[in-house]
Amino acid sequence: MSKEERNITWQQSSLNRQDREKHNGHRSRALWFTGLSGAGKSSLAFALEQYLYEKGVHSYVLDGDNIRHGLNRDLGFTAEDRQENLRRIGEVSKLMVDAGLFVLSAFISPHAQDREMVKQLFEAGDFIEIYVRCSIEECERRDPKGLYKKARSGDIPHFTGISAPYDIPEDPSLIIDTEELSIDEAVHEIVQHLERIGALKLTNPVSNAMVH
């Protein structure tokens with residue numbers, strides 16, 4: 001421990017997570033959406049955020065691209081920077097769970113060891129890993145940001161799924177296949193799963209269609 005670290009003291013609030021959960025009327029959890037670029041992680045996270053908002057559940061999306069516009073704008077795409085990117089997001093997610101919120105983090109997070117690093121920041125049951133499954137062929141066909149085209153031409157080195165590996169989650173809390181499910185159907189599956197494991201209790205029953 002450095003001299004500077006010895007001068008740092010954790011300041012304790014008079015409120016705790018349970019107080020904030022009680023005030024919000026629901027529990028707090030970290031949902032971690034992982035999958036290939038183009039699999040639908042962000043679309044699904046934002047759709048779920050909208051659903052939860054309409055049900056009175058306090059939530060917020062941490063999106064990979066959005067975070068690099070501000071908090072992590074100083075990081076590049078080396079292996080070390082990618083790991084630091086996820087570490088910071090994990091710490092922010094942990095703070096948001098302590099604040100009594102549902103935090104929906106959508107990141108490719110290709111390496112199993114990095115996802116495990118983030119998971120270890122949380123108490124058991126607080127971290128819910130959702131594998132957004134989609135074949136590389138379908139992701140490349142969609143290519144919403146034109147990244148696969150750039151990767152194929154060599155403009156983006158070390159691109160996950162093309163020139164860099166993706167470690168498929170071995171034991172995720174939930175698998176959502178976006179080639180088989182629409183966004184609405186996927187949100188329905190996630191909400192049902194959260195209710196089933198006791199992470200979310202909604203007054204109104206889940207319908208097959210989202211409320212707009």
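Which residue in S4 is the bridge partner of Thr34? Select Thr34 and look across to Tyr131 in S4.

Before going on, know what is on screen. This is a predicted model, where local features need pLDDT of at least 70, side-chain atom pairs count only at pLDDT 80 or more, and totals for chains, interfaces and linings use all residues. Residues are numbered from 1 along each chain as its sequence is written, and side-chain values use heavy atoms, with hydrogens and water left out.

**Stop 1: strand S4**

Select 127-133, which is strand S4. Strands (E, at least two residues) and helices (H or I, at least four) are DSSP runs, numbered from the N terminus. Two strands pair if DSSP finds at least two bridges between them. Pick Arg133; Asp177 in S5 stands opposite. Six of the seven residues of S4 are buried. Buried means under 20% relative accessible area, exposed over 50%, and partly exposed in between (1.4 Å probe, protein chains only).

**Stop 2: the largest pocket**

Select Ser37, Asp65, Ile108, Lys145 and Leu147. Of the 38 lining residues, these are the closest to the centre of the largest pocket. The pocket holds about 870 Å³ of space. On a 1 Å grid over the protein atoms alone, a pocket is an open set of points with protein on both sides within 12 Å along at least five of seven lines; lining residues have an atom within 4 Å of a point. A volume is the space filled by probe spheres (1.4 Å) set on the points, which are joined across faces, edges and corners. Colour helix H3 (41-54) next. H3 gives the largest share of the lining, four residues.

**Stop 3: the second largest pocket**

This pocket has about 300 Å³ of space. Select some of the lining, including Arg115, Phe127 and Pro169. Helix H6 (112-119) gives the largest share, four residues. The lining has five nonpolar, one polar and six charged residues. Ala, Val, Leu, Ile, Met, Phe, Trp, Tyr, Cys and Pro count as nonpolar; Asp, Glu, Lys and Arg as charged; the others, Gly among them, as polar.

**Stop 4: two loop residues**

Select Ser109, in the loop between strand S3 (102-106) and H6. Phi of Ser109 is near 40°, a positive value in a residue other than glycine. Ser109 is buried, at 3% relative accessibility. Finish at Asp143, in the loop between helix H7 (136-142) and helix H8 (147-152). Asp143 is not a glycine, yet has a positive phi of about 35°. Asp143 is buried too, with a relative accessible area of 17%.
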